[in-house]
Amino acid sequence: MTVAYQNITSDPCNNYQSLDRPWRGNNESRDRICDRGFSWNGWYRLFYYGMDIQIPETCVLSDRCNTYITLTLNGPHPQIEDGVVIRQVCGAAYDTRCCVYKPKPIRVKACPGKYYVYELVNPDVWCAGYCTNVSSISQPTTTISPVVTTVSSNNQNYDPCTNYKTINDNWRNVIGYGHTNGLNADYDDTHGNWDGWYRLYLNGLSAQMPEWCVSDMACGGFSSLWLGGPHPQVADGVVTRDIYGSHFEQCSYYRSDPIQVKACPGKYYVYKFTKPRLSIPAPVYCAVRFTAPSIDPCNKYKILNDTWRATNVSHDWNVRNCDFFQGWYRLVYNGQSAQMSESCVSQCGTLFPMWLNGSHPQLEDGVVMRHICASDLNDCCYFKSIPIQVKACPGNYYVYEFANQIFCGAYCVGGCLLICICHLHSCLNY
């Protein structure tokens, strides 16, 4: 394999980035994180909770190191007198087969102080990740300062509502999934030195952290971080909130360090973010935004009149009914107004039936936000979906700002309005 390497302008032993990712250890096996999504850029020194660690020189079976194809060195580490060397990388897969893949080679250098630096690159194979060898852990013996990226630095003598840095990363949006093709963790908030207060934006518009469980891989990284409690009111001042990270179906599988939050005049929030815990694979702080409609949604909406949304309809495994859309909608059943259920729904014509976890508003309430639950066979709130906005309208009906889902679920019709036509003296088993 022919690889074009960049010229080395300075000694990489003195010019590297620290990569402290203990979840890459060859004793880890929970997740499948793919390194082709990371923005590798230059030379790295590997750490394990602040201690030096090396890439293994022998085969690591697949499904270790929190990845599928495990990447190791196909050869020994160099000696200091060897300078910069090129080493082939081996990728193991299919449980027992070593070196099935040979992705791009990397450059390695041994440094004074008994550590190594690696010029890591994006693997050109499917879901692969660089491993580290926990048996090679050693205390660092050098005080060389690596090159790091500083996220921000704020003067804490000022009100954080008027002294903050902005974060306008569209990939933090909770409605994304896997960022690219559902497999990659492109970003990692353990990079850099978080310092001070931050305000979130999406597409240049004010945003906030979600207060509900967010699916893993939904915000540009692998572990999606969300706020474990409600946002404060302006009168509350600065409050402390727990931070949780999702892992597949387990909402609070990871727990990061708490952060401080403040509500500001002008209806926005600022957050004193800290570097997430290193034990969490590729964690990222998530963002979501709620917009006030510019036109009264009671006068501008679309109709959803699918009969399979009724709660007396069982899921057909041969039909895939998934609500991958967004916008304002009015629910109709057999030509008559209907509404979402305000209690657990065990079935409608979709894999995960979705219901309103809260009461419908009154006319005088205007537009309100309501949480959404999706049921499975054993749990009424198996998924906590993206919240939606709801409004009661003159004429005794409701409109809903449905959100694009990241799983195959659908909004179910349940609960009759006064003008609902009931069948067989029941409201469709509502």
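**View 1. Four strands make an open sheet in the order S7-S6-S4-S10.** The pairing in this sheet is mixed; two strands count as paired if DSSP finds at least two bridges between them. Strands here are DSSP runs (E, at least two residues), numbered from the N terminus, while helices are H or I runs of at least four residues. At the edges sit strand S7 (97-101) and strand S10 (128-130), each pairing on one side only. On average, neighbouring strands of this sheet are turned by 45° against each other, direction ignored (the axes are lines fitted to C-alpha atoms). Keep in mind that this is a predicted model: local features need pLDDT of at least 70, side-chain atom pairs count only at pLDDT 80 or more, and totals for chains, interfaces and linings use all residues. Residues are numbered from 1 along each chain as its sequence is written, and side-chain values use heavy atoms, with hydrogens and water left out.

View 2. Strands of a sheet pair through backbone hydrogen bonds, either parallel or antiparallel. Look for Gly91, which stands opposite Tyr101 in S7.

**View 3. Arg21 sits in the loop between strand S1 (17-20) and strand S2 (43-48).** Is Arg21 buried or exposed? Arg21 is buried, because its relative accessible area is 4% and buried means under 20% (exposed is over 50%, partly exposed in between, using a 1.4 Å probe and protein chains only). Skipping its neighbours within four places in sequence, Arg21 is in contact (heavy atoms within 4.5 Å) with Phe47, Asp188, Thr190, His191 and Leu278. With His191 there is also a side-chain to side-chain polar contact, at 3.2 Å. A polar contact is a pair of N or O atoms within 3.5 Å; within protein, one must be able to donate a hydrogen and the other to accept it, and residues adjacent in sequence count only if both atoms are side-chain atoms.

**View 4. Asp376 lies in the loop between strand S24 (367-374) and strand S25 (383-393).** Asp376 counts as partly exposed, because its relative accessibility is 24%. Its side chain reaches two backbone nitrogens: that of Asn378 at 3.0 Å and that of Asp379 at 2.7 Å. Beyond its neighbours within four places in sequence, Asp376 is in contact with Phe352 and Tyr382. Asp376 and Phe352 are 24 residues apart in sequence, yet their C-alpha atoms are 5.9 Å apart in space.

Technical notes:
Axes are lines fitted to C-alpha atoms, for helices over the stretch in contact, and angles run from 0 to 180 degrees between N-to-C directions.
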